[in-house]
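Look at the model below.

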Amino acid sequence: MPENRTQRTKDITPPRTGADEKATLRGFLDYLRNAIADKVAGAPEPQVRTGGVPSGTNLLGLLRHLAFVERFYFLGEDAGDWAATMRPSAADTVDGVLADYRKTVERANQVIDACPDLALPAARPARPGPAPSMRWVLVHMIEETGRHAGHADILREQIDGSTGR
C-alpha cells in the first residue's frame with residue numbers, strides 16, 4: 001500500500017434520467033464514462049501506466065482501450081490489434097489520453113443522439129453478419145465501461161489510496 005494516501009471519497013449517485021430509453025441508457029453510460037475518466041485524472045507517473053496486476057493492466061491502458069472500443073462501436077473505426085489498445089506508448093500522457101477519450105465520447109454521443117431508433121444497426125467496421133443494434137451497443141458499452149471502471153477503482157486505490165467516483 002502507498003504511504004502517502006490521498007483519501008478521495010467523493011461518490012456520485014447514478015443518474016435519474018427517467019426521460020426515455022435512449023436518455024436512460026446514455027445517462028448511465030455517461031455516468032460510467034465520467035467515473036473512469038475521473039480515476040485516471042491526476043494519477044501520477046509512472047504508476048498510471050504500471051501494471052497493478054500480473055496481467056499488466058494499468059489505468060492509462062484501460063482508458064486508452066475504452067477510447068478504441070467507443071470508436072469501434074459508435075464511429076465504425078477498426079481497432080486493429082485489440083491487445084495493443086491496452087498498452088499505452090511512451091508518448092501517451094494522462095492529459096493526452098483523457099483528451100482523446102473525451103473527444104471520442106463527444107463524437108460517440110453525437111452518433112447516439114442522431115439515432116432515431118435504437119433498433120437500427122450501429123456503425124462498425126466491415127465484419128461478417130449483421131451489425132448489432134444501437135440498443136445492443138449501448139447496453140454493451142455500459143457493461144464494458146462499468147467492468148473497466150471497476151478495474152480502475154482497484155488500480156487507483158493501489159496507487160494512492162484514492163477511492164470513490
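Start with aspartate 113, which is partly exposed at a relative accessible area of 47%. Here buried means under 20% relative accessible area, exposed means over 50%, and partly exposed lies in between (1.4 Å probe, protein chains only). Before going on, note that this is a predicted model, in which local features need pLDDT of at least 70, side-chain atom pairs count only at pLDDT 80 or more, and totals for chains, interfaces and linings use all residues. Residues are numbered from 1 along each chain as its sequence is written, and side-chain values use heavy atoms, with hydrogens and water left out.

Which side chain meets aspartate 113 in a salt bridge? Arginine 26 does, at 2.6 Å, N to O. A salt bridge is a side-chain nitrogen of Lys or Arg within 4 Å of a carboxyl oxygen of Asp or Glu. Arginine 26 lies in helix 1 (residues 21–40) and aspartate 113 in helix 3 (residues 94–114), so the pair ties together parts that are 87 residues apart in sequence. Helices are DSSP runs (H or I, at least four residues), as strands are (E, at least two), numbered from the N terminus. Arginine 26 is partly exposed too, with a relative accessible area of 21%.

Now go to lysine 39. Its side chain forms a salt bridge with aspartate 153, at 3.7 Å, N to O. Aspartate 153 is in helix 4 (residues 134–160) and lysine 39 is in helix 1, 114 residues apart. Lysine 39 counts as buried, at 1% relative accessibility. Aspartate 153 counts as partly exposed, at 26%.

A further pair joins arginine 107 and glutamate 77, with their closest N and O atoms 3.1 Å apart. Arginine 107 sits in helix 3 and glutamate 77 in the loop between helix 2 (59–75) and helix 3, so parts 30 residues apart in sequence are tied together. Across the whole structure, a search finds 13 salt bridges.

Last, find alanine 108 in helix 3. Is alanine 108 buried or exposed? It is buried, with a relative accessible area of 0%. Leaving out residues up to four places away in sequence, alanine 108 touches Arg33, Glu70, Phe74 and Leu75. Contact means heavy atoms within 4.5 Å. Alanine 108 and phenylalanine 74 are 34 residues apart in sequence, yet 5.4 Å apart in space, C-alpha to C-alpha.
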